[in-house]
Amino acid sequence: QVQLVESGGGVVQAGGSLRLSCEASGFMSGNRAIGWFRQAPGQEREAISYISLDDGHTYYVDAVKGRFTISRDNAKNTVYLQMNSLKPEDTAIYYCATGPVLTTIPKFYPTWGQGTQVTVSS
């Protein structure tokens, strides 16, 4: 059973940076992707980025391209999301998830972390 634990959220001023971590434990066989998603109050959960656990291929949605960087440390079973040039509209709960498909569609990720709050003040 795979478990994911996010950390690194907090409050930051606009233009600042945060690094989120997603530590995985348990048996990862069959999981090909780790994705980062976020959900703001009253809005649907949206994809931000994913990384392939096979070859490290990465994907970003346009809203974060050039500002966010996803990376992995296989030795630590951890995926990171470096967030720079943060904007107030980045405020949300951020979740990591893992699944067998490289996709931005949340329903294809069976395992989710508990989420970490990111608040960007103007």
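Some ground rules. Because the model is predicted, local features need pLDDT of at least 70 and side-chain atom pairs count only at pLDDT 80 or more, while totals for chains, interfaces and linings use all residues. Residues are numbered from 1 along each chain as its sequence is written, and side-chain values use heavy atoms, with hydrogens and water left out.

Let's start with strands. Strands here are DSSP runs of E, at least two residues long, numbered from the N terminus. Two strands pair if DSSP finds at least two bridges between them. Take β1, residues 3–7, and β3, residues 18–25. They run antiparallel, joined by five bridges. Now go to β8, residues 78–83. Six bridges join β8 to β3, again antiparallel. Here, Glu23 stands opposite Thr78 of β8.

Next, the disulfide. In general, that is a covalent bond between the sulfur atoms of two cysteines. The search asks for a pair of cysteine sulfur atoms within 2.5 Å. How many disulfides does the whole structure hold? One. Cys22 and Cys96 form it, with their sulfur atoms 2.1 Å apart. The pair links distant parts of the chain: Cys22 sits in β3 and Cys96 in β9, 74 residues apart. The angle about the S-S bond is 75 degrees, and the link is right-handed. Are the two cysteines buried or exposed? Both Cys22 and Cys96 are buried. Buried means under 20% relative accessible area, exposed means over 50%, and partly exposed is in between, with a 1.4 Å probe and protein chains only.

On to the cores. In soluble globular proteins, nonpolar side chains tend to be buried together. A nonpolar core here is a set of buried Ala, Val, Leu, Ile, Met, Phe, Trp, Tyr and Cys residues joined through side-chain atoms within 4.5 Å. The largest one has 26 residues. Which members touch the most others? Trp36, Phe68, Leu81, Met83 and Tyr94. Elements giving two or more residues to this core include β4, residues 33–39, and β11, residues 116–121. The largest share, four residues, comes from β3. Another core, of six residues, lies apart from it, with Phe37, Ala47, Ala97 and Tyr109 among them.

Leaving out residues up to four places away in sequence, Tyr94 touches residues including Glu6, Arg38, Phe68, Leu81 and Val118. Contact means heavy atoms within 4.5 Å.

Now Ser49, in strand β5, residues 46–52. Why does Ser49 count as buried? Because its relative accessibility is 3%. Its side chain reaches the backbone oxygen of Tyr59 at 2.7 Å. That is a polar contact: a pair of N or O atoms within 3.5 Å, where, within protein, one must be able to donate a hydrogen and the other to accept it, and residues adjacent in sequence count only if both atoms are side-chain atoms. Beyond four places in sequence, Ser49 also touches Trp36, Ile70 and Leu81, among others.

Last, two loop residues. Asn77 lies between β7, residues 68–73, and β8. Asn77 is not a glycine, although its phi is positive, about 50 degrees. Asn77 counts as partly exposed because its relative accessibility is 48%. Ser85 lies in the loop between β8 and β9, residues 92–99. Phi of Ser85 is positive too, near 50 degrees. Ser85 has 41% relative accessibility, so Ser85 counts as partly exposed.
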